[in-house]
Structure formats: C-alpha cells, structure tokens
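Me: Could you walk me through this one? I'd like to learn how to read its features step by step.

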There are 2 protein chains.
Amino acid sequence: MDKLQRSERIAILTKIFADSPGKLFSLGNFTEMFKAAKSTISEDIDIIQKALEGFGLGTIRSVPGVSGGVFFVPSIGKERVYEILNSLCSELSKKERILPGGYLYMQDIIYDPYVVFNVGRIFAQEFIERKIDYVVTVETKGIPLAFATANNLNTPLVIVRRNSEATDGPSVNINYVSGSSRKLQTMVLSLKALKRKSRLLFIDDFMKGGGTARGIIELAKEFECEVAGIGVLIATAEPAKKLVDSYFSLLTLNRVDEENSVIDIRNGLC
Amino acid sequence: MDKLQRSERIAILTKIFADSPGKLFSLGNFTEMFKAAKSTISEDIDIIQKALEGFGLGTIRSVPGVSGGVFFVPSIGKERVYEILNSLCSELSKKERILPGGYLYMQDIIYDPYVVFNVGRIFAQEFIERKIDYVVTVETKGIPLAFATANNLNTPLVIVRRNSEATDGPSVNINYVSGSSRKLQTMVLSLKALKRKSRLLFIDDFMKGGGTARGIIELAKEFECEVAGIGVLIATAEPAKKLVDSYFSLLTLNRVDEENSVIDIRNGLC
C-alpha cells in the first residue's frame with residue numbers, strides 16, 4: 001500500500017477510536033499499520049484530539065510507559081444533551097402513547113439505536129470517573145441502553161435474568177419486593193458473571209419505586225460487589241422517596257392522565 | 001470558532017459518520033457546521049471515503065437530489081471476519097465453558113461490546129442489500145447482537161417477549177414448538193411494534209432446531225411482514241435439518257463432549 005496522506009490517516013484513526021471507546025491502542029499498532037514514524041502518528045492524534053474536543057465529541061487520553069498508549073474518551077456537550085432530552089420529552093408526550101392502565105408506550109424509543117447511543121453517551125459521561133467494572137441491567141427493556149453505556153465505558157455488560165436457565169450454569173437467585181406493586185420478584189445471575197470486588201453501574205429504562213435497583217444492590221452483595229452508580233432514562237415523580245438513595249435520571253415523568261390524554265414528562269437535568 | 005483545517009474537519013466528519021451508520025446527512029449540515037464551501041466538504045468526504053475503503057472499514061455513498069446527501073456504509077474486510085471468527089472459536093473451545101448438561105457458557109462473549117459490534121458489522125454486511133426495515137430478536141441473549149446489527153443497518157430494533165406486559169399495549173401472541181426440546185413456547189409482540197408489509201431480519205445468538213426462527217416467521221405473518229433474512233452467531237451441526245430453510249450462521253458447534261471436556265466449534269463461513 002502507498003504511504004497515506006495525513007488526512008487519510010486521520011480518517012482511519014478517528015474511525016478506529018470511534019468504534020472502540022476506552023480501548024487502549026499502542027502507538028506501535030499505528031506506526032506499523034501506516035508505515036509512519038511515531039512522531040507523525042503523535043501529531044495525527046493531537047489533531048484528532050483538538051478537533052473532537054472543539055466539537056464536544058470526546059477526547060484522546062494517553063497512558064505513559066511501555067504498556068501504555070492512547071484511548072478515546074467519548075463525550076457529549078451540555079447543549080447537545082439538552083437538545084436530546086427535550087426532543088425525547090416532546091416525542092414521549094404524544095397522547096397516542098398512552099396505553100390502557102395509564103402506561104406509556106416507549107419501545108420504539110428505547111430500542112432505537114440512534115436515541116439509545118446518545119443516551120448511552122450521556123450515562124457514560126456521568127459515570128466515567130467512578131471506575132466502573134461492569135454495566136448491569138435486568139432483562140428486558142433496559143438492555144439496549146445498558147449495552148450502549150457499556151460500549152461507551154468499555155466495560156462488559158451483565159444481564160440479570162428473571163428465571164434461571166441451563167445456559168447460566170450455577171447461579172445466585174434472590175427474591176425482592178417490587179417498590180411500586182409490592183409483588184415478590186426474582187432475580188437470577190450466573191456465578192460466573194461477575195468478578196468479586198467489582199464496581200457496578202446499574203442502568204435501566206424506568207424507575208418507579210426503586211425496587212429493582214434495591215434488588216440489584218442486594219444481588220451485588222452476594223457477589224461481594226458494589227453498586228457504584230444507578231442511571232435510569234425515566235424516573236417517576238411519585239413516589240418521591242425511592243427505595244434507593246441516589247440515582248441519576250434523565251427524564252422525570254410527572255403524570256400520565258389517561259382520562260384527559262395528557263402526559264407530563266420533563267427534562268430531569270434542569 | 002476559527003476556520004478549521006482539512007485534517008480537523010476530517011476527524012469530525014469521520015466521527016459523525018462512524019456514530020451513525022446509514023444516517024443521511026445533507027452537505028448543507030456540514031457547510032454550516034464548518035463555515036466551508038460545498039466543494040471543500042465534498043473533497044473532505046472523498047478523502048474519507050477513499051481512506052476507509054482502502055482499510056476495509058466502510059464507504060460513503062451519496063444520494064443525489066434536493067433531499068439527498070451522504071451516508072456511511074460500514075463494512076468489515078474478509079480477513080478481519082476470519083480473524084474475529086477464529087478468535088471466537090478458540091475462546092469458545094475452552095473447556096471451563098462446559099456447563100452441567102453439556103451447555104456452553106458464553107454470556108461473557110455475547111454481551112461483550114467489542115465482540116458484539118464486530119459481529120453486528122458482519123451481519124449488517126451480509127444483509128445490507130436486502131432492504132431490511134427492522135431487526136428482530138427474541139429476548140434475551142440475542143438482544144445485544146441484534147441491537148448492534150440494527151445500529152449498523154440503521155433500522156429500529158424490535159424485541160419479541162416471552163410473556164405479555166402492560167407496557168406492550170395490545171399485542172399478538174403466538175404459540176410454537178421449540179425445534180429441539182419440542183416444548184410449547186409463547187411469543188408476544190406489541191401490535192404497535194411493526195409497520196405492516198415490512199421486511200425483517202431475525203438475529204439470534206444460537207440455533208439448534210430452528211424452532212424460534214420458525215416461530216418468528218409465523219409471528220411476522222400476523223403483522224403481514226416478511227422475514228427477509230436470518231442470522232445466528234452459532235448453529236449446531238445437529239440436527240442438520242433445521243425448521244427453517246435458509247439461515248446465515250457464523251460458527252458451527254459440532255459437539256460438546258462433557259465427559260472428555262471437549263468443545264468442537266468451527267468457523268462456519270469456511
């Protein structure tokens with residue numbers, strides 16, 4: 001292959017970084033790939049860093065030493081976060097979303113890759129300093145959001161099941177009481193799923209009473225792990241007191257008024 | 001903001017394309033963003049296209065006309081596909097993965113964002129010409145793979161459930177017989193989940209008898225939709241005759257020999 005121009009190398013490097021947030025690349029990877037000097041690659045990376053930072057799209061950090069290298073840290077600007085949350089609010093307020101029983105239909109939103117990646121970036125940005133080892137969710141509706149968050153934090157995803165399966169192997173089962181319906185529920189997680197003494201980030205699509213998050217904290221204890229963060233897309237305004245003390249929610253659902261076809265949902269970060 | 005250099009614009013454009021495969025951007029978006037002439041942006045995009053193509057990372061296609069623009073089509077080179085599948089085979093052959101009953105523990109693999117995105121790219125590349133409207137999966141273990149595929153094809157993801165939930169709204173339920181265990185199973189999908197006359201791609205982590213895929217074809221009919229493709233990460237060699245005629249599988253599981261601790265799994269594309 002011919003030697004590439006700077007702008008061509010920059011396109012390729014940026015694509016590689018964007019595809020693997022948090023993944024450490026040694027400069028040697030790139031000098032070989034491009035048949036270019038280390039100093040040339042360093043300059044390329046400086047340009048990428050400056051450009052992405054300028055547009056609030058993330059930055060490149062370096063780790064010194066022999067086993068060091070560079071990695072991409074995604075980010076998302078404050079204005080862009082507000083734009084995303086406001087557009088979610090207006091989409092979620094459409095009255096045709098009201099289901100019998102006052103539930104809100106939102107599967108088209110929480111499974112939409114474009115929305116989900118943006119929300120994943122917001123969660124990742126919020127929790128990146130907490131040294132998360134795993135992103136954890138409970139099946140099913142929070143899985144895409146949790147997966148996108150795990151991708152942006154460069155951690156594995158762990159999915160807690162409602163029933164045990166042969167393909168889990170030996171597992172830990174716990175029972176807990178749902179915060180809103182007071183129903184007894186079960187959570188199951190394979191014993192192989194978590195390294196002991198890990199730090200977990202729990203991500204879910206929706207929080208009402210906080211029972212599921214509480215259950216995850218209990219489950220984590222059985223693995224000698226700690227829940228170092230809780231992020232949910234939507235939290236209900238009522239009950240104001242949840243079963244967990246601290247959580248980060250992007251939207252607040254004040255009320256679904258079935259009779260008058262009104263959904264009152266707000267940006268939760270204002 | 002100062003006017004940017006070409007290499008800075010290229011870093012930003014590449015990041016934007018990489019984040020949103022298949023999403024159409026008008027050149028006007030970019031001329032405004034960079035305060036640059038259309039011809040300048042076109043040249044930038046040509047450079048990105050050439051560079052990414054040269055490294056088998058994808059290409060940029062354009063749509064002519066007033067409502068036209070450019071969009072990124074991800075791809076993954078043949079060599080890279082083989083590299084990924086071979087490394088998956090050697091990882092999945094480790095004897096400590098054998099579970100009681102001859103099952104294979106693979107949650108760490110199928111929930112790993114790095115693996116999952118690579119596999120999603122392979123699926124997307126295989127099915128991109130089939131005009132897929134939705135990527136569909138059945139909960140739970142195939143969800144990350146299906147989500148990554150949907151992201152790469154720029155389609156919504158649809159998750160079929162095992163039980164109906166209040167948050168689905170009115171739904172279609174079907175019963176089907178599992179291909180391997182001959183057990184009666186249920187599938188549920190919200191009536192709002194699919195537009196009629198759509199083309200679906202079914203993605204799952206594992207196929208034995210093909211009963212689940214068969215069930216999805218039946219379910220699709222209730223929505224007047226067509227299953228235009230089936231992709232699975234692993235298909236078992238036995239039974240050779242599945243309940244569906246045509247599917248694309250990346251790995252073939254020949255045998256899990258619990259007694260002698262041997263897992264025989266092969267690259268299915270050779």
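Reply: Helices (H or I, at least four residues) and strands (E, at least two) are themselves DSSP runs, numbered from the N terminus. Keep in mind that this is a predicted model, where local features need pLDDT of at least 70, side-chain atom pairs count only at pLDDT 80 or more, and totals for chains, interfaces and linings use all residues. As for labels, residues are numbered from 1 along each chain as its sequence is written, while chains are lettered from A and ligands numbered from 1 in the order in which they are written.

Me: Which residue is the bridge partner of T137(B) in β6(B)?

Reply: In general, strands of a sheet pair through backbone hydrogen bonds, either parallel or antiparallel. Here T137(B) has I159(B) as its bridge partner in β6(B), and V135(B) is partnered there by L157(B). Strand β5 (residues 134-138) of chain B pairs with β6(B) over four bridges, in the parallel sense. β5(B) is also joined to strand β9 (residues 199-207) of chain B by three bridges, again running parallel, with V135(B) opposite L201(B).

Me: How does the chain get from β5(B) to β6(B)?

Reply: Through helix α7 (residues 143-153) of chain B, in a right-handed β-α-β crossover.

Me: Are the residues of β5(B) buried or exposed?

Reply: Count neighbours: a residue is buried if 20 or more other C-beta atoms lie within 10 Å of its own, exposed if 12 or fewer, and partly exposed in between, with C-beta atoms placed from the backbone. By that count five of the five residues of β5(B) are buried. Y134(B), V136(B) and V138(B) point one way, V135(B) and T137(B) the other. Strand β6 (residues 157-160) of chain B is buried too, with L157(B) and I159(B) on one side and V158(B) and V160(B) on the other. For chain A, buried residues make up 45% of its 270 residues.

Me: In what order do the strands of the open sheet in chain A run?

Reply: The order is β6-β5-β9-β10-β11-β12, six strands with mixed pairing. At the edges sit β6 and β12 (262-267) of chain A, each pairing on one side only. Chain A has eight helices and 12 strands.

Me: And how are the two chains related?

Reply: Two copies of a chain are related by a rotation about an axis and a shift along it. Superposing them by least squares on the C-alpha atoms of residues with pLDDT of at least 70 in both, a rotation of 180 degrees with 0.0 Å of shift puts chain A on chain B (RMSD 0.0 Å). The two copies are therefore related as by a two-fold rotation axis. S7(A) has the C-alpha of chain A nearest that axis, at 2.5 Å.

Me: How many residues of chain A are in contact with chain B?

Reply: Two residues are in contact if their C-beta atoms, placed from the backbone, lie within 7 Å. That gives 48 residues of chain A touching 48 of chain B. α1(A) supplies the largest share of chain A's side, 10 residues. The same surface serves both copies, as 100% of the contact residues of chain A recur in chain B.

Conventions:
Pairing = 2+ DSSP bridges. Right-handed = clockwise from strand over helix to strand, strands pointing away.
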